[in-house]
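Q: I am new to this structure. Can you show me how to read its main features?

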Amino acid sequence: MDANVKQHYLADSPPTVVRLEVKHHFDNLKDKNLRKYAHYISRAAFEGTRITLRQVSPESEPIYDLILALYRACDGKWPELAQKTNVSDENLRFFLEYAAQFLGNSGNYKGFGDSKFIPRLPLDAFEALASATPETKAAFQKANTTGGGIYETKEQSLMHLGYPESGHMTTYYPDSPSITKDEITAIGDFFEQKGMPLENTRLRMTASGDFELLIASGVSSPPSRDRDLGDVDSFDLDGKLKGKKVHLVFGDHREEMAKIAHSVKQAGLYAANDTQKKMLDAYALSFGAGSIEAIKESQRLWVKDQKPVLETNLGFVETYRDPHGVRGEWEGFVALVNLERTRAFGKLVDSAESMIPKLPWGNEFEKDKFLSPDFTSLEVLSFQSSGIPAGINLPNYDDIRQNLGFKNVSLGNVLSAKAPNEPIPFIPEADQDVYRNCRDPAFEVQVGIHELLGHGTGKLLQETAPGEYNFDVSNPPISPVTGKPVSSWYKPGQTWSSVFGAIASSYEECRAECVAMVLSCDFNILRIFGFGDGKENISNEAGDVLFAAYLQMARAGLVALEFWDPKTKKWGQAHMQARYSILRTFLDAGDDFVKLAYTKDDLSDLEIKLDRSKILSHGRPAVEKYLQKLHVYKSTADVEAGKALYDDITSVDEWWGTKVRDIVLKNKIPRKIFVQANTILEGDEVILKEYEPTLEGIIQSFAERSV
């Protein structure tokens, strides 16, 4: 690999480490039962850490063990370890930076970007550091010889997550280098017809050419009554795979799933109401027996558990990192409700039905009734995943969302976490003050609209059962895009993810981001959040927030190029691909609404010029036109038109992919790593232990939480 290219894969130096501030809110949680509930759900979430690691790369779990072994070897006294092993202060710092970034991403591939990162300290220095004890020496040997190891960079394709047939890294299809995308699709279609989602599975091709569907469960042989497909252990495949079999293999991540199920049962002893108790029973059944139907039942109950003091969710949730977009990464969180901020989100929910008609599609492409969700502002206590989002809209099951509803949460202490004196490249000096002062409220507005009215809107036109439709098939709706009756819809058993496949996650994030850009122009929504009086005025405080929102999105679209790999022509992050397409939409709006300004050939003075006076006249209409297509193609299962649209607007030509990307990389700001507190059960009390927002602090927090 070219040395300059290799530089892009080095761990951040230094990474940005911030603390998730939650002590004030936890101290106000006086109820002992609620504290114990929070403790056990936190345990359940973090007992899945090793699952998340295994879902990244073969070497991630051994690297995790190595970091913990090194901590134990010196009890966190890192200078003493360096002195004992004759490692320089600089190389010790490089190790700590790598370890902190590894733990913050739950693996050696970026949770936001899906590219591998390697330590800055030389191999021999890392090996010397690990020579401290026989345990650390053995741990280093295993970590550096498993999978791609710590330092391996020779194979460019393996530096990114993706399909095995493209040579990319994935552990969703373990030990299966020759499995093809078509085979993965065929098996997905097979189980779709049987009504079985695949979020908690992995897929392996055997030496004989048959397949094993690995199902996460705490036991290797659950009773048939607890299995989604009864007592059948294997199926004969049909179609392109006729003559092959797929075997159901329970017990994937067995030790961790058993621990998780146990902690969930412990939490159930302190549930606040019967709905929560039933929800936790469903969780325990799913994690113990591997039932996705039980997870779906837990989510039906979760949606009904309105306005809890503590909000939680667990499971194989987001499918961003599976190249096929159907298998979920383990995650879990516990958060405390911020009542003051929640009131603003409640007002947004109350206004939703009056806002939805302002979106660029008709009633035929919208749910018959908006299912008013719970929308809360939360302060995260614990969040186990490869990256903590700023907002969440769950559940991801379309049938539950359309028939029962969903929940939205905004994670306040994630939104507000900042490193001191953080630079903001590409924003003109004249706009810096407004941007710095208004970016947080602008982002909160954006997240609120994105989750509630982005992910929360839209109807999928479906043949729900053979010959049964959720629309008038004899008089189908007129597409606002083509002006003609729609001619496609979802067939029985099909879902949004199964039809749109690998682009589904990014496409849906783009649709939600576009909804946020359109409706943030509504000054009544800005008033709900405390900005302005509801009257359209681009020059007042509300106008500042709107300007910051559009400028923030434009900047996000520019820095998104960090997550584009010019070698593989592949986007590494769903949200950033979406934001790049929105920047392109801004640029195409015309009349210099947005332009990239520079005077130097190397683009070193590149700035985003956004004319705030044209947001309403040029920006909003351009996004509305794009959003209309995204939405209608999704509603009608028109994957051909949707993919063509999205592939075109997210394409990266040589100028974008070389010159612009180079200056983005030179100015990139490390993504934040969050140091989280631990809960500790002492007798009948749950104690919160916080850690310093340092490299050492994040390692200590993981070591003391070690699971």
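A: We take domains, then a helix, then a pocket. The model is predicted: local features need pLDDT of at least 70, side-chain atom pairs count only at pLDDT 80 or more, and totals for chains, interfaces and linings use all residues. Residues are numbered from 1 along each chain as its sequence is written, and side-chain values use heavy atoms, without hydrogens and water.

Q: Which domains does the protein chain have?

A: Domain bounds come from an automatic or database domain assignment. Here it gives domain 1 (3-19 + 58-155 + 685-705), domain 2 (181-255) and domain 3 (422-667). The centres of domain 2 and domain 3, over C-alpha atoms, lie 37 Å apart.

Q: Is helix H19 buried or exposed?

A: Helices are DSSP runs (H or I, at least four residues) and strands are E runs of at least two, numbered from the N terminus. Buried means under 20% relative accessible area (1.4 Å probe, protein chains only). In H19, 16 of 16 residues are buried. This helix covers residues 504-519 and spans 23 Å from first C-alpha to last, close to the 22 Å expected at 1.5 Å a residue. The expected span is 1.5 Å times one less than the number of residues.

Q: What classes of residue line the second largest pocket?

A: Nonpolar means Ala, Val, Leu, Ile, Met, Phe, Trp, Tyr, Cys and Pro; charged means Asp, Glu, Lys and Arg; the others, Gly among them, are polar. This lining has twelve nonpolar, eight polar and nine charged residues. Strand S5 gives the largest share, four residues. Domain 1 and domain 2 each supply at least three.

Definitions and conventions
Buried means under 20% relative accessible area, exposed over 50%, partly exposed in between (1.4 Å probe, protein chains only).
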